[in-house]
Amino acid sequence: MSELVQKLFSESDLTDIEFERLLSSDIFDVELRVVADGVRRLYYGVDVYVRGLIELSNYCRNDCFYCGIRRSNRELERYRLSREEILTCCGVGYELGYRTFVLQGGEDNFYNDDTICEIVATIRKLYSDCAITLSLGEKSYQSYKSFFDSGANRYLLRHETADAEHYVKLHPAEMTIDNRKRCLFDLKQIGYQTGAGFMVGSPYQTVQNIISDLRFLQELQPAMIGIGPFIAHHQTPFQFFKNGDLKLTLRLISVLRLIFPYALIPATTALGTIDPYGRELGIAAGANVVMPNLSPVNVRKKYELYDNKICTGEEAAECRHCLEKRIASVGYKIVTDIGNVKEKIKK
Ligand code: SF4
């Protein structure tokens, strides 16, 4: 094994200069993948956890430059799921073996805290053996706490980029990296299994920016880390930027597995969009989660964060079976399990 990969494996860390070497070349990719796969097997065996994704609204008050559902996209047909539709999605998902529901949406104030709390409490009562994950953007400490007290136990909020200068190139002035980080630390303090993450190959991103992302994750110590390639959306200011790179995304999945051996790392839909086997490759590189869609088929295409998003036409059952086959084809297994994060093994 090369000294660099050996050091990352044994110390779960490198210097900035060493990270730069590792990330800037593909010569370590094969051994990185093999070592990362060994670590994921030590923690999770060949199990792959599934999370049923329910995209409850494509309204958003924000205007992130990279996002297809940003408020300035006037072409988009907007929708919101009703409470009953959300509960129906959970029922379908439960029958299919999902034990985590992810309620995700744009920052849509139509659902006030009381509404979210009531929906969460109902899901908690109906499906007591399931995890409830929320992904509803930046909120106050009090809002996060009230959702948690109602029964939510995980929260996903990608930080997107930890570098302040890079952050302003991706977001309008009213959004700040400080507030995003504040949200993530609040979530952890409240007791959520917290998920952060970033885009790979976003406009203006440098290797130094990626190293800042790794350093921020080391500070936060999240339970879940979601990364996916940037993919341009044709109705955004970033429509002409190049998409993120498959190889670099896979390399980073392996690097994340070695820095955070216990983490829940999804092979994202964006990865499956830039390459037909992207999700399988992501699992083989160290990821251990997939997030198939449970949203009603008639709204799927409208939740278009980026162009050509896959899996927008299939019923929930088809998605589940398709993924089961795909994951099995590379030697791993989708399991019916709540899929909590594991404790770090002491070396
Ligand atoms: S990335 Fe999130 S917060 Fe930003 S516009 Fe899209 S849905 Fe809204």
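Below are my numbered points, going from the overall fold to single residues.

1. **Overall picture.** Please keep in mind that this is a predicted model. The chain's secondary structure amounts to 14 helices and 9 strands. Its radius of gyration is 19 Å, close to the 20 Å that the globule rule gives for 347 residues, so the chain is as compact as a globular protein of that length. Along the principal axes, the C-alpha atoms occupy a box of roughly 55 × 40 × 40 Å.

2. **Burial and contacts.** Of the 347 residues in the chain, 47% are buried. If you take the contacts between residues at least 6 apart in sequence, 77% of them join residues at least 24 apart.

3. **The ligand shell.** Which residues are around the ligand? They are Cys60, Asn62, Cys64, Cys67, Ile69, Arg70, Gly106, Glu107 and Gly137.

4. **An open sheet of 3 strands.** In what order do the strands of this sheet run? The order is S8-S1-S9, with parallel pairing. Strand S8 (289-290) and strand S9 (333-335) are the edge strands, each pairing on one side only.

5. Strand S1 (residues 47-50) pairs with S8 in the parallel sense over 2 bridges.

6. **Cysteine 319.** This residue lies in helix H14. Is cysteine 319 buried or exposed? It counts as buried, because it has 23 C-beta neighbours inside 10 Å and the cut-off for burial is 20 or more. Leaving aside neighbours within four places in sequence, cysteine 319 is in contact with Pro292, Asn293, Cys311 and Glu314. For asparagine 293, which is 26 residues away along the chain, the C-alpha separation from cysteine 319 is 7.1 Å.

7. **Strand S3.** All of this strand is worth a look: 6 of the 6 residues of S3 (residues 100-105) are buried, so the strand is largely enclosed by the rest of the structure. In a regular strand the side chains alternate between the two faces of the sheet. Here both faces are covered, with Thr100, Val102 and Gln104 buried on one side and Phe101, Leu103 and Gly105 buried on the other. S3 pairs with strand S2 (residues 52-57) in the parallel sense over 5 bridges, and isoleucine 54 is opposite leucine 103 in S3.

8. **Valine 39.** You will find valine 39 in helix H3 (residues 29-44). It is partly exposed, with 19 other C-beta atoms within 10 Å. Beyond its neighbours within four places in sequence, valine 39 is in contact with Arg257, Leu258 and Pro261. Serine 82 is 43 residues from valine 39 along the chain, and their C-alpha atoms are separated by 42 Å.

9. **Two positive phi values.** Most residues other than glycine have a negative phi, and most peptide bonds are trans. Tyrosine 204 has a positive phi of about 70° although it is not a glycine. Tyrosine 204 sits in the loop between strand S6 (193-200) and helix H9 (207-220), and its 14 C-beta neighbours inside 10 Å make it partly exposed. Asparagine 308, also a residue other than glycine, has a positive phi near 60°. Its place is in the loop between helix H13 (297-300) and H14, and with 13 other C-beta atoms within 10 Å asparagine 308 is partly exposed.

Key: Residues are numbered from 1 along each chain as its sequence is written. This is a predicted model: local features need pLDDT of at least 70, side-chain atom pairs count only at pLDDT 80 or more; totals for chains, interfaces and linings use all residues. A residue is near a molecule or strand if its C-beta atom, placed from the backbone, lies within 6 Å of it. Helices (H or I, at least four residues) and strands (E, at least two) are DSSP runs, numbered from the N terminus. The radius of gyration is taken over C-alpha atoms; the globule rule is 2.2 Å times the number of residues to the power 0.38. A residue is buried if 20 or more other C-beta atoms lie within 10 Å of its own, exposed if 12 or fewer, and partly exposed in between; C-beta atoms are placed from the backbone. Two residues are in contact if their C-beta atoms, placed from the backbone, lie within 7 Å. Two strands pair if DSSP finds at least two bridges between them.
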